[in-house]
Each structure stands twice: as structure tokens, then as C-alpha cells.
Amino acid sequence: MKSLMDKCCEKCFHSPASPCKDYIKCRRQGPLCHEDESCRAKYKAFLEDIHLPEDSSRRQILICAGTGCTSSGSRKLVDALVEELQKQGLQDRVSVKITGCHGFCEQGPLMIVEPQKIFYTRVQVEDIPEIVAGHLVGGQVVERLLYVDPATGEKSLTYETVPFYAKQKRLVLANCGHINPEEIADYVANDGYLALTKALFEMTPEQVIEEVKISGLRGRGGAGFPTGMKWSFVRAAEGDKKYVVCNADEGDPGAFMDRSVLEGDPHAVLEGMLICGYAVGADEGYIYVRAEYPLAIHRLKIAIAQAEECGLIGDNILNSGFNFHIKIKAGAGAFVCGEETALLTSIEGNRGMPRPRPPFPAQKGLWGKPTNINNVETFANVPLIIRNGGAWYAAMGTEKSKGTKIFALTGKVNNTGLVEVPMGITMREIIFGVGGGIRDGKKFKAVQIGGPSGGCLPEEQLDLPIDYESLTSAGAIMGSGGLVVMDETTCMVDVARFFLNFTQAESCGKCTPCREGTKRMLEILTRICEGQGKEEDIETLERLARVVKSTALCGLGQTCPNPILSTLRYFRDEYEAHIRDKRCPARVCQALLVYTINAEKCTGCGSCARACPAGAISGEKKQPHVIDISRCIKCGNCMQKCKFGAVEKA
Ligand SMILES: Cc1cc2nc3c(=O)[nH]c(=O)nc-3n(C[C@H](O)[C@H](O)[C@H](O)COP(=O)(O)O)c2cc1C
Ligand code: SF4
Ligand code: SF4
Ligand code: SF4
Ligand code: FES
């Protein structure tokens, strides 16, 4: 017996060919079909190896092997640690485990020493001897590797006391960073596949759907459609064959919620899909994941193979009579392929372009069959709901938005990363609580929520509770969970241009309003940023934005004007300053800047003149220099070169 998932002895009859309904419970409490103390001891020992008791003399070291930490060298840490443990003869007392992303990638590579949960950040190979000799042998925590709160300067000893984690509610992400995603036993030891067992043996498909309805879960892919209702449509649809599709396309720039869940807890998504398949009456599932996520694909393949080996995916799962098979389809990375009908077209082998709805996928989806499509995070919520009950889930959040939501918190905030918070939390609590406030003591200006089609909300909206309806009424959207924080140095017209540039490039061109409308809006925004804006531009932008929103074929076109409309709503004065005064208040738009030299600060060193590609700077040695603005091409070189802060822009 090599793993928790293996047979304890010959009396265990479970295999995919002769399945046992108690397989999962058995591994946690078993054996259940026969009395044998030595079998019981074997399972117990495996479980204790996964969950070290608090007083254990053994140590377990978790090393983050998510994409972020892997790219900052965490794989080398694993090798170095294993070698050092052997050198010190500790290999039997200390185990090393890789995990998925902890969400705090900027502090990576991350390491946790269990059972005490000592949390080390930015660990390098050179630190390993000290961790082994000092901490594991000598019992002295390596202080210099502890997290230091940039706001207070305080150190955190354990994972839970780091403010970034302390203020979150990690339910979907509970396993990420704590279990080995390449070991199904770790998932099972953490309640994995109990929900599937419960659904298959204690609930009818209708009861499963009812439980999901009670939970109030809404799709996390963007639109927030009620999941239980979608499942009931697919269940009710006529069809000899039905599909379940997991949307792991995740095309929003900067978003990595779904990638982290797949890399850190792939079985949670598989279990959610299996439960969905049982509920809607499907026997085949696809996971559509972008090819730029090789680690997620690798871990999914391992997870599917292990679940098949254990008889949790395949025919007659756990002797329930339920069959379900899962395949992976790698997408080529076009943003529009995340749109559900484009995604299905792409799985069918055609160019991913949206189709008109109705018919909706629930009626006519993959290859014309009823199809249930949900996002990664939506599926990962399902095992929690089935295990704990819909009412438990519905107790979290607001009246119409239940549970938690994962956000990719980025931009000018002290703590960036992946955060999971209860619905209803305010933007202020996320940015200033979890995120630790604005970087470098600057002033908050806006937060862009909902990915490239989201809206920009100003300071007055910081106390807005995060739920689908409040965000929409404020001119933003929940989207899939992008949160970009901006400070006073951000130009909001430039931000609108930036996002529209993205959506315009990603427009598939199928329908005229989006194909032409995005181009025209981008032209206007570019012209405004370049100081060529006309008085009527604001009105034209507003009109175009409303036309595109109401007439585009798919969600890309219908939501892409949001950054324009929300910045016009809250930051109209910035548009007016660009157009009327030819001035960029945030001093970002190059064409509107005027570089000058402050004669009082200038020492006449001449560095700026030597760096100026336009020959626009003149002056005698040791005398204040001047810029000829008619020759200046506004490259900013002089400002960068001047060590005396004498070059100013206005
Ligand atoms: C342009 C565009 C891109 C989208 N990208 C994604 C995506 O990457 N992931 C996702 O789950 N949903 C995405 N969606 C939403 C899907 O169309 C669909 O609503 C979602 O997968 C349904 O799952 P849910 O009900 O669990 O949210 C996108 C929609 C549009 C219009
Ligand atoms: S709205 Fe844009 S992305 Fe969607 S179908 Fe029309 S052109 Fe394509
Ligand atoms: S680099 Fe600065 S100090 Fe030197 S000449 Fe230019 S403006 Fe003056
Ligand atoms: S901004 Fe560039 S072009 Fe203008 S004065 Fe400075 S170095 Fe020369
Ligand atoms: S990859 Fe390690 S914390 Fe995200």
C-alpha cells in the first residue's frame, strides 16, 4: 500500500472494474467493509502524514509551485531542500511537498513549515542551509525571511497572521497552497470527493439542483447567471446526449483566478463538473483551457488520470450507475473564445466566433446538444455547497450575491495577488484592508473592476458593497474578478483608451457595431490623448458607446464601452481638460506635457542636454539650462537623467 487511495489488503474489492460506493469514506475512516486494526492503522498513518498533528515531531515543508513561484525558482528550492535534508540525515523526519499558488506571488517563492505554519517569503536556494540547520535542527525561526508588513513594519510569524490572508475568507482557495495538487490523496484527505459521494448516494439529480438553487450561487465567469437555474434548464432540455463544459479560457489581462484554482486544486473543479453531470444528465465533459496555461493543463491531466485510476471518473462511478468522462481542449488564446458560444464553436474545431442566442447552449450547445457551461470558479464552489448545504452558502454575502468571490488584486496597491473575500465586502476593505493601501503613500484615484470591459469607480464609491447589482448600478461589472487599483498618477482618459485598445484588437469582427464602433471610439480617445480632441468628441463617444452596447452581438461588444462610460461619468473633467485646455491633469499623456527646467534647481551639469535626442536643451556650463519647447519631442529623457530634480513637467 503506497498511498491512501490504495487497497489496505486483499479484502478491499474497490477498483474501477468492481467499484465500491464507500470508497471515499473508507479512505478517511476505514476500512468500512471489514474489521482489521492493521488496515485501520495504515489509513490513519497516511492521513496523519498529510495532516501533521500540532504536537508532531515531524515537519512538513510546503513549497509553492504555482506559475509565479516556479518562475522565481521554487523548483530549485525543492531540489536544494531535499539534498540538504539528506545531508543532515533528516529525510525521514521532514517531508517536502509542492503546492499550488498561495495568491501572494509577489512575495514568492513562498514556503510554509508545518505543523507550526511558519511562513517564509522570497526564499532563495542560498537560504536553505540556514532553514534546515537553524530552524529544523536548531528550532530558531529564520527571522529575515518572515513577511514584513510595509504599512506597520511588523513581522508575521505564521501564515494566518499575515494581514493579506487574515482579512480574506478562503473557501474556494482553501486547498490552494496547502495540498499537493498532483496527489489525489491530499484532496481526499481534505474532504475531497465527499460531495460527489453524497450527491450520488443521498440525493436525486433534482435535489442537487435544488441545493445549488438554495445556495444562490451565480456564475463566476462574468454575467452572474444563477447556476442552479442554468442546471435546471439543461436537465429539462430534450436530448439523448448532453455535455458539461468548463470555461477556463480566462482571457482578461492580469487575471489568474481560474489558473490558480486549476493549478492548486484541480480535483475541486473535476468534482464540481462530475456533480453537475449527474444533476443535468450528462455523461461527457470538456475543459476548455488556454494553451498559455501549460502548468494548469499538466496538473489537470494528472488529476484526470488519477481520478480515472480511482474510479471517480469513468463508467459506473462508485457503483452508482453514473458514467462521466472528461477531456481537455486547449484554446489558442483569443479573448472572444471565452464567450460561451464562441468557445463551443472552437471545441467543435471551427474558428471561435460567437453565435446569436437563442438558442442558448442549454438547449443547443456543443454539436447541437444541450450543454451546461460554467466557469472554473463556479464549478469549484459546487463541492462546498453540496457538502455543507445550500443554506450554509447562502448565509454568506448579500441578498442577491452569495458566497465568496476571488479577485486578482493588482495595480498601485501594497499587497497585490489573488484574494478571496465574502460578497458584500466593500471596495475599501479590499484595497486598504487586504491590499494594505496605496503604494508609496500616494492618493487613491480609482479602481477598475471587471476586466477590460469593467468600469472605473472613484473614491466616492469606495464603500460600495461588492455584489452584482451594486456594481452594475455604479457603472461597473463583477466580470470574472479583475481589480486594478489606480493612484493619483493615472490618467483616466488614457485608462479608457488602454482598455478599448485591448477590446478593439480582440473584437472578432463578426458584427458591425463592435467591429466599426470600437475602431471609431478608439480613434477618438487616441485623438483626445494626443491633444487633438474636439469639443463634440465627448458627445460622440457617449452616443457611440450606447449604440455599441445595445446592438453588438456578443458580450464583448455589449460591455466594451464600460471603461469609457464610467470614466465619462466620474472623471468627465479630465476629458474636458484634455480637449479644452490641452492639458493632462495626471501628467501622463505625453503629447500634452510641457517640459521645463527649474532654474533654481539646475546646476548646469549638462546631463540633460547630452541625453536630449532633439537638441532642444541649451545652456552654459554651470549655468541654468533651458528647453526650447518648439523642438522638444517630449521623450522624457531629460527628466530621467537630471539628478537634481530640476526638470519639471506640467
Ligand atoms: C468576450 C467574453 C469573454 C468571456 N470570457 C470568459 C472566460 O474567460 N471565462 C469564463 O468563465 N467566462 C467567460 N465569459 C462568459 C461566458 O460567456 C459564460 O457566460 C460563462 O462561461 C458561463 O459560466 P458561469 O455561468 O459559471 O459564469 C466571457 C464572455 C465574453 C462576452
Ligand atoms: S460583439 Fe464584437 S466580438 Fe462579439 S460577435 Fe460582434 S464583433 Fe465579434
Ligand atoms: S541635468 Fe538637471 S541640473 Fe543638469 S543641466 Fe539638466 S536640468 Fe540642469
Ligand atoms: S523631453 Fe526629450 S526632447 Fe524634450 S527636452 Fe527633454 S530630452 Fe529633449
Ligand atoms: S505562485 Fe506562489 S504564491 Fe502564487
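## Proline 115 and the cis bonds

Proline 115 sits in the loop that runs between β3 (111-114) and β4 (118-120). Helices (H or I, at least four residues) and strands (E, at least two) are DSSP runs, numbered from the N terminus. The peptide bond from glutamate 114 to proline 115 is cis, with omega near 10°. Another cis bond leads from proline 358 to proline 359, with omega near 0°. Proline 359 belongs to the loop between α14 (340-347) and β10.

This is a predicted model: local features need pLDDT of at least 70, side-chain atom pairs count only at pLDDT 80 or more, and totals for chains, interfaces and linings use all residues. Residues are numbered from 1 along each chain as its sequence is written, chains are lettered from A and ligands numbered from 1 in the order in which they are written, and side-chain values use heavy atoms, with hydrogens and water left out.

## Positive phi

Most residues other than glycine have a negative phi, and most peptide bonds are trans. Tryptophan 367 has a positive phi, near 45°. Its place is the loop between α14 and β10. Tryptophan 367 counts as partly exposed because its relative accessibility is 41%. The classes are buried (under 20% relative accessible area), exposed (over 50%) and partly exposed in between, with a 1.4 Å probe and protein chains only.

Arginine 587 also has a positive phi, of about 55°. The loop between α24 (572-580) and β16 (595-597) holds arginine 587. With a relative accessible area of 43%, arginine 587 is partly exposed.

## Nonpolar cores

A nonpolar core is a set of buried Ala, Val, Leu, Ile, Met, Phe, Trp, Tyr and Cys residues joined through side-chain atoms within 4.5 Å. The largest one has 84 residues, and Tyr193 and Trp231 have the most contacts inside it. Helix α12 (residues 266-280) gives the largest share of this core, 10 residues. Apart from it lies another core, of 46 residues, including Cys69, Phe119, Ala474 and Met478.

Which residues does tryptophan 231 contact, beyond neighbours within four places in sequence? They are Val208, Ile209, Val212, Gly272, Ile275, Cys276, Ala279, Val280, Asn372, Asn374, Phe379 and Val382. Contact means heavy atoms within 4.5 Å.

## Two buried residues

Alanine 255 lies in the loop between β7 (243-248) and α11 (257-264). Alanine 255 counts as buried because its relative accessibility is 9%. Leaving out residues up to four places away in sequence, alanine 255 touches Glu250, Tyr293 and Ala408.

Phenylalanine 444 is in strand β13 (residues 444-449). Its relative accessibility is 7%, so phenylalanine 444 counts as buried. Proline 613 is 169 residues from phenylalanine 444 in sequence and 35 Å away in space, C-alpha to C-alpha.

## Pockets

The largest pocket has a volume of about 1,300 Å³. On a 1 Å grid over the protein atoms alone, a pocket is an open set of points where a 1.4 Å probe fits, with protein on both sides within 12 Å along at least five of seven lines; lining residues have an atom within 4 Å of a point. Grid points are joined across faces, edges and corners, and the volume is the space filled by probe spheres set on them. Its lining has 47 residues, and Gly221, Gly222, Ala223, Gly338 and Glu339 lie nearest the centre. The elements giving two or more residues are α10 (227-236), β10 (371-375), α18 (468-473) and α22 (555-559). By class, the lining of the largest pocket has 15 nonpolar, 21 polar and 11 charged residues. Ala, Val, Leu, Ile, Met, Phe, Trp, Tyr, Cys and Pro count as nonpolar, Asp, Glu, Lys and Arg as charged, and the others, Gly among them, as polar.

The second largest pocket holds about 500 Å³ of space. Of its 23 lining residues, Glu114, Lys117, Glu160, Ala174 and His178 lie nearest the centre. This lining divides into 10 nonpolar, five polar and eight charged residues.

## Ligand shells

Around ligand 2 there are 13 residues; Cys508, Gly509, Cys511, Cys514 and Cys554 come nearest. A residue is near a molecule if one of its heavy atoms lies within 4 Å of it. The shell of ligand 2 has nine nonpolar, three polar and one charged residues.

Ligand 3 has 13 residues around it, of which Cys602, Cys605, Gly606, Cys608 and Cys642 come nearest. That shell has eight nonpolar, five polar and no charged residues. The residues around ligand 4 include Tyr595, Cys612, Cys632, Cys635 and Cys638.
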